[in-house]
Amino acid sequence: MRIAISTGGGDAPGLNAVIRAAVLSATSRGWDVLGICRGYFGLLGEDEIIPLTRDRVRGIAHLGGTILRTTNRGNPFAFPVRQPDGSWVEIDRSGELLSTIERLGIDAIITIGGDGSLRIGQQLHERGVRIVGVPKTIDNDVAGTITTFGFDTAVNTAIEAIDKLHTTAESHERVIVMEVMGRHAGFIALHAGVAATADVILIPEVPFDIEKVCAKVRSRDRSGQRFSIVVVAEGAFPVGGQEAIMGSSLPGQDKRVGGIASRIAWEIQERTGKEARSLVLGHLQRGGSPTGYDRLLATRFGGAAVEAVEQKKWGHMVALQSPHIVAIPIADAIGAPRRVELTHDIVRTARAAGISFGD
Ligand code: F6P
């Protein structure tokens, strides 16, 4: 048996722990394991294919990033190619990829990725590739699994930042608006904001009214709490408005969202007269060592993915459905992406604790 592993999309702490566990589980069965470098680039002749031995994966479980490297611009069905005149076209290179799989005698592929990579995995599965998926994203927006690895690490990074912002905000009696990742889903903002006791949490699932945000800041002021912490997911947007788009995405990539925190800080300062500052936590959330929770989950996912290959669960993805790891059809997971449920106890408790969602 020869399997190959690929990591696609944005990185997430825990990817190396998945790779390590999958390699150890596969090699203990006597299988051969290859690593496809940079998403599927390795299968398109644009990067390397490397042997993944027990030695190669020694000592990597605690490391952030991915030893296989990754890309969010490598969809083989719509591969971006730059033309001599500087324009871009997208071409279907899936045929090339299928022939390389055949030529290298790869029996199955474990694809570790988020929504985008799982969609590509599903398309490859429909073209006959024996695929098993492992859900990954710090945003936690993949359906069918209670959580994805990387999310806990990102939340902890955000909590640490909010704790630090609290002391400076209080000393200066300022409003500080911190932007976290979460293009379509507000899980990082919600979990970090509640755990680190933010005053306002703005998420894409609840379009906000800036006046309501200002009302919360003013009421804290009146009660003697002369500072406020606002945590905003990058994809949050005002009622009747749109998310803030950054102009710097490349062809083949989703539109980049971001910059909402500075707009909100400016609005708060204009409307309340209070000094406001903003920051974007950005890719700090994707870096660093995975937390113990993420390391364990990633390791379980890696082992379970190999079991799914052994059981020929093609087109399935491993998922946490506590207390067990199960395998569910990738099609089910990508059918309806996960979003914050507004009736969830975390939201209810946050509201009861006085946190404003700007609505
Ligand atoms: O998909 C995870 C994510 O963290 C999103 O929240 C964010 O919009 C995106 O990655 C940013 O990715 P990039 O590395 O392309 O800026």
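The legends below describe views of a predicted model.

Local features are given where pLDDT is at least 70 and side-chain atom pairs count only at pLDDT 80 or more, while totals for chains, interfaces and linings use all residues. Residues are numbered from 1 along each chain as its sequence is written, and side-chain values use heavy atoms, with hydrogens and water left out.

**Figure 1. The whole protein chain.** The protein chain has 10 helices and 15 strands; these are DSSP runs (helices H or I, at least four residues; strands E, at least two), numbered from the N terminus. The C-alpha trace spans about 70 × 50 × 35 Å along its principal axes. Of the 359 residues, 52% are buried, meaning under 20% relative accessible area, with exposed over 50% and partly exposed in between (1.4 Å probe, protein chains only). Among contacts (heavy atoms within 4.5 Å) with a separation of 6 or more, 71% join residues 24 or more positions apart.

**Figure 2. The aromatic pair of phenylalanine 149 and phenylalanine 301.** Rings of Phe, Tyr and Trp (its six-membered ring) pair if their centres lie within 6.5 Å; planes under 30 degrees apart count as stacked, over 60 as edge-to-face and the rest as tilted. The count by this rule is three aromatic pairs. In the pair of phenylalanine 149 and phenylalanine 301, the distance is 6.3 Å centre to centre and the angle between the planes is 70°, an edge-to-face arrangement. Phenylalanine 149 is in the loop between strand 7 (131–135) and helix 4 (151–172), and phenylalanine 301 is in helix 8 (residues 292–310), 152 residues apart. Both phenylalanine 149 and phenylalanine 301 are buried.

**Figure 3. The aromatic pair of phenylalanine 151 and phenylalanine 187.** The ring centres are 6.5 Å apart and the planes lie at 85°, so this pair is edge-to-face. Because phenylalanine 151 lies in helix 4 and phenylalanine 187 in helix 5 (residues 187–195), the pair ties together parts 36 residues apart in sequence. Phenylalanine 151 is buried at a relative accessible area of 6%, and phenylalanine 187 is buried at 6%.

**Figure 4. The surroundings of arginine 56.** Arginine 56 is in the loop between strand 3 (49–51) and strand 4 (79–82). Its relative accessibility is 37%, so arginine 56 counts as partly exposed. Neighbours within four places in sequence aside, arginine 56 is in contact with Pro51 and Ile67. Arginine 56 and proline 290 are 19 Å apart in space, C-alpha to C-alpha, and 234 residues apart in sequence.
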